[in-house]
Amino acid sequence: MRRFAGILSATVVLAGCGAVVPSLGNQPVDAPVTGQAIAGEQVVQVKPGARFVAPAGAKVVDTLDLGDLGSFLLVKAEGPALLASIKSVKGVVNVEPNRRVQLEVPAYKPRALDLFRGALSVDDPLFAQQWYVNRIGAQKAWSRTQGEGVVVAVVDTGVDHGHPDLVANIVSKGYSFVNNQADGLDEQGHGTHVAGTIAAVQNNAEGVTGVAPKARILPVQVLAATGGGSLYQIAKGVKYAADYGVENKVHVVVNMSLGGAATVDGVSYTTGWYATRKGALLVAAAGNSNTAVGTPARWDKYYMAVSAISEKDEKANFSNYGPEISVGAPGTNIVATTPTYDVPLNKFGYPKFYAPLQGTSMACPVVAATCALTWSVHPDWDWKKVRTHVEQTALDLGPKGHDVVFGHGLVQADAALGVR
Ligand SMILES: [Ca+2]
């Protein structure tokens, strides 16, 4: 209780007068940021079956069918007068600017760390550095399941699907909504790291182990080599992932280690509505600005918002927080896979094959993988029941019950699997 109050008041001081806040022990390394409207691009939502007739000066450049929720149209249009006339077109439900999403990766700060205290039960050489696996009780959970039968879609910068520690768990090459081709290869590095945290291959005498080492990964590229993308592109990726689950009759967890500060984001809201109706479980990073939860995570009706916890069970100093937080998960010094080829991430000092990263982007896949483990042993459950169960079995930290930093608590795989 006292520790939590300290964290909260430090945050308030920062917001209120710009005073320097004492470090809580970690620097942000991965910071999804967004917000700026992309000049001249509007996302227009129309009712199902509506035939949108673009006013003069506006042009529909792409369409995303959301079934009985209607469609998103990506429309090139500029100027308030033209926007007003688009809004007045019959069948138009909503018009919003398409917004930019941009990952930021600050400098690499290597740190020697070995916080592992459990027995070494696997032969993956970097396992001893994966403190987060032990902290959430994943080792015990593996005696019951390793995530078999569940697909986790990594909606991100893509995935190095040929990585020696991932290739056996890749369900297909996926899709790139950046290059519009059936190959979601990672062009930046971030998505490969997320994928390894979820489902790196275990006991292959190589690298690391995923939290759900027999779940399968669906690569979905929505962010380019620059780490940039747009809300519309992300919506396409999430729809693809949700539809994949329906078409292949498999449970899909969608990992979204991305987002931003926009408070008006009907695109993510409607996308979440669509995907959950298709049965997908959506997990999203809270953001790394030590402020309010960003979108899409703030739409907590559809997305599990994940905060980042440090090795000391404290709020990671960068982590966003708020009433929307579902659970917290380890998000500092997370050792996982990086691409085997040159990517922009290397320019920041991160090595090929494996590297430690930190951010709510790294906490999010820990939760996504725990949901995959849970769904694996309860295939009859729907997404909401899996989510509620993972929340109810979390380790309560901070003030008793749900709070704005830890949500329901620190995610616990062994408790979720009933093998604690
Ligand atoms: Ca491995």
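Residues are numbered from 1 along each chain as its sequence is written. Because the model is predicted, local features need pLDDT of at least 70 and side-chain atom pairs count only at pLDDT 80 or more, while totals for chains, interfaces and linings use all residues.

To start with the overall picture, the chain has 11 helices and 14 strands; these are DSSP runs numbered from the N terminus, with helices being H or I of at least four residues and strands being E of at least two. Buried residues account for 56% of the 420 in the chain. Here, a residue is buried if 20 or more other C-beta atoms lie within 10 Å of its own, exposed if 12 or fewer, and partly exposed in between, with C-beta atoms placed from the backbone. Of the contacts between residues at least 6 apart in sequence, 74% join residues at least 24 apart; two residues are in contact if their C-beta atoms, placed from the backbone, lie within 7 Å.

Next comes the core. In soluble globular proteins, nonpolar side chains tend to be buried together. The largest nonpolar core in this chain has 122 residues, and those with the most contacts inside it are Val-152, Ala-241, Val-254, Val-283, Val-306 and Val-367. Such a core is a set of buried Ala, Val, Leu, Ile, Met, Phe, Trp, Tyr and Cys residues joined through C-beta atoms within 7 Å. Helix 9 (residues 360-377) supplies the largest share, 11 residues. The core lies between domain 1 (10-15 + 23-33 + 103-416) and domain 2 (36-100), because both give residues to it; the domain bounds come from an automatic or database domain assignment.

Leaving aside neighbours within four places in sequence, Val-367 touches Val-283, Met-304, Val-306, Val-327, Ala-329 and Val-411. Val-390, in helix 10 (residues 383-392), has 26 C-beta neighbours inside 10 Å and so counts as buried. Val-390 and Val-327 sit 63 residues apart in sequence, yet their C-alpha atoms are 8.3 Å apart in space.

Helix 9 also pairs up with helix 5: the two pack at about 35 degrees, with axes 8 Å apart. Axes are lines fitted to C-alpha atoms, for helices over the stretch in contact, and angles run from 0 to 180 degrees between N-to-C directions. Helix 5 is mostly covered, with 10 of its 10 residues buried.

Most residues other than glycine have a negative phi, and most peptide bonds are trans. A cis peptide bond, with omega about 0 degrees, joins Thr-295 and Pro-296; Pro-296 sits in the loop between strand 10 (281-285) and strand 11 (303-309). Asn-203 has a positive phi, near 60 degrees, and lies in the loop between helix 5 (190-199) and strand 7 (216-221). Asn-203 counts as exposed, because it has 12 C-beta neighbours inside 10 Å. Phi is also positive at Phe-353, near 75 degrees, and this residue is found in strand 14 (residues 353-357). With 18 C-beta neighbours inside 10 Å, Phe-353 counts as partly exposed.
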